[in-house]
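Here's a quick briefing to read alongside the model. Grab a viewer and follow along topic by topic.

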Amino acid sequence: MLNFALGPVMSSDLIIEIGAQQTPYFRTPEFSQVTLENERLMKELLGADEKSRVIFLTGSGTAGMEATVMNVFNKDDNVLVVNGGGFGQRFVDLCELHEIPCESLDIQFGHCLTQEMLDEYNNKEFTAFLVNICETSSGVYYDLDMISKFCKENNLLLVVDAVSSFLADPLNMVEQNVDVVITGSQKALACPPGISIITLSEAAIKRVESTKCKSMYFDLNDMLINGIRGQTPYTPAITILLQINARLNQLKDDGGIDTEIKRISDLANDFRAKIKEFPFEIKCPCLSNAVTTVHSNEIIETNLVEVLKNEYDIWVSTARDDLSKSMIFRVGHMGDLTPEDNDKLIDALRDMQKRGLF
Ligand SMILES: *Cc1c(COP(=O)(O)O)cnc(C)c1O
């Protein structure tokens, strides 16, 4: 199997080996040390300051999104949500479900966020800004520096879903004034799904502390208190936390976040150069390094994604753009992939082209 899907992604042998071990009991000083080290390493990677805290929540990335909405916001907020696809819509739905006032800043699927779009929301009565910095459904990366400046000028709390962007695109919580970063275990962290990671600035922690969360399991304040001693209120996905620990240490030893971002961005550029020989097009000028969204120039009868999976054992992701009839697929660059793996995908596409499938 060769997996270019957008999560789960290919894990290294080290991570796979940890997954094959017996699960240890977790109410121990040894496991607390692992959790505390995970928190330290995440803060380092995100450029978070000393007063920030990290929560490792058992659940997929959406659990982190929902817990954030439930614990950071309340009815007195008015949240501006960037909505350019499936994940932006998920934030809008979560705000509506939890009765948090919000406005959807709608962007056409596959389009970039521009300064002009933001300018329309200057000096309005918003309190916070919510964005999936890589809208994985389209691959679009929104300009974080631009957003950060807008939030600073308008005094907005900035919450960034970086589930697919963390380790693929630059992000520094202090330099870019980010108050909450949400990520997950199964994207560029290249571990199995099951842990969502929420990093909170001091301002965000204050909000969590003063918000009454109407959920026992998703109560982030309870998690912050337990986290001081490296523990969680309930049994976490222990093995995944051990895998995350190995991965974070490996990232640190390999040169830190910049090294990994460069590796992923080189891999993306390698693929984007190689795909040029086909009658496909990369339409979006603001893609994340994590993913390349490829459009076919013509209508293709064959479902390329299905054929790749069933006949070549290579997985890529489909995408939906209701406005365009062209076939779209998304190729991920996260996880344990190499330029040679890109070659295997290109070879498979050449073979399919030779077979007259497109
Ligand atoms: C993958 C992803 C999530 C989380 O999705 P889950 O299926 O709940 O893990 C959230 N936001 C973005 C931008 C993602 O790419």
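Where does Pro-8 lie? Pro-8 sits in the loop between strand S1 (2-3) and helix H1 (13-19). Keep in mind that this is a predicted model. The rest is grouped by topic below.

- Most residues other than glycine have a negative phi, and most peptide bonds are trans.
- Going from Gly-7 to Pro-8, the peptide bond is cis, with omega near 0°.
- Asn-123 isn't a glycine, yet its phi is positive, near 55°.
- You'll find Asn-123 in the loop between helix H5 (115-119) and strand S5 (128-132), and its relative accessible area of 67% makes it exposed.
- Ala-190 also has a positive phi, about 60°, without being a glycine.
- Ala-190 is in the loop between S9 and strand S10 (195-200), and with 4% relative accessibility it counts as buried.

**Buried spots**
- Ala-162 belongs to the loop between strand S8 (157-161) and strand S9 (180-184).
- Its relative accessible area is 0%, so Ala-162 is buried.
- Leaving out residues up to four places away in sequence, Ala-162 touches Ile-133, Leu-171, Val-181, Ile-182 and Thr-183.
- For a distance check, the C-alpha atoms of Ala-162 and Phe-329 are separated by 21 Å, and the two residues are 167 residues apart along the chain.
- Gln-243 is part of helix H9 (residues 238-253), and it counts as buried because its relative accessibility is 4%.
- Setting aside neighbours within four places in sequence, Gln-243 is in contact with Ile-15, Ile-18, Gly-19, Cys-191 and Pro-192.

**Nonpolar surface patch**
- Met-216, Tyr-217 and Tyr-234 make up a nonpolar patch on the surface, and together they have about 320 Å² of accessible area.
- Tyr-217 is placed in the loop between helix H7 (202-210) and helix H8 (220-227).
- At 35% relative accessible area, Tyr-217 is partly exposed.

**Helix packing**
- Two packed helices are described by the angle between their axes and the distance between the axes.
- Helix H11 (residues 304-312) packs with helix H12 (residues 339-354) at an angle of about 105°, and their axes are 11 Å apart.
- That angle makes H11 roughly perpendicular to H12.
- On the H11 side, the contact is made by Leu-304, Val-307, Leu-308 and Tyr-312.
- H12 contributes Leu-345, Ala-348, Leu-349, Asp-351 and Met-352 to that contact.

Key. Residues numbered from 1 in each chain as written. Predicted model: local features only at pLDDT ≥ 70, side-chain atom pairs only at ≥ 80, totals over all residues. Heavy atoms only, no water. Patch = residues over 30% accessible without salt bridge, like charges linked within 9 Å, V, L, I, M, F, W, Y side chains within 5 Å. Areas by Shrake-Rupley, 256 points an atom, 1.4 Å probe, with all protein chains shown as cover. Salt bridge = Lys/Arg side-chain N within 4 Å of Asp/Glu carboxyl O. Helix = DSSP H or I, 4+ residues; strand = E, 2+ residues; numbered from the N terminus. Buried < 20%, exposed > 50% of the residue type's maximum accessible area, 1.4 Å probe, protein only. Axes fitted to C-alpha atoms, helices over the stretch in contact; angles between N-to-C directions. Parallel < 35°, antiparallel > 145°, perpendicular 65-115°, else oblique. Contact = heavy atoms within 4.5 Å.
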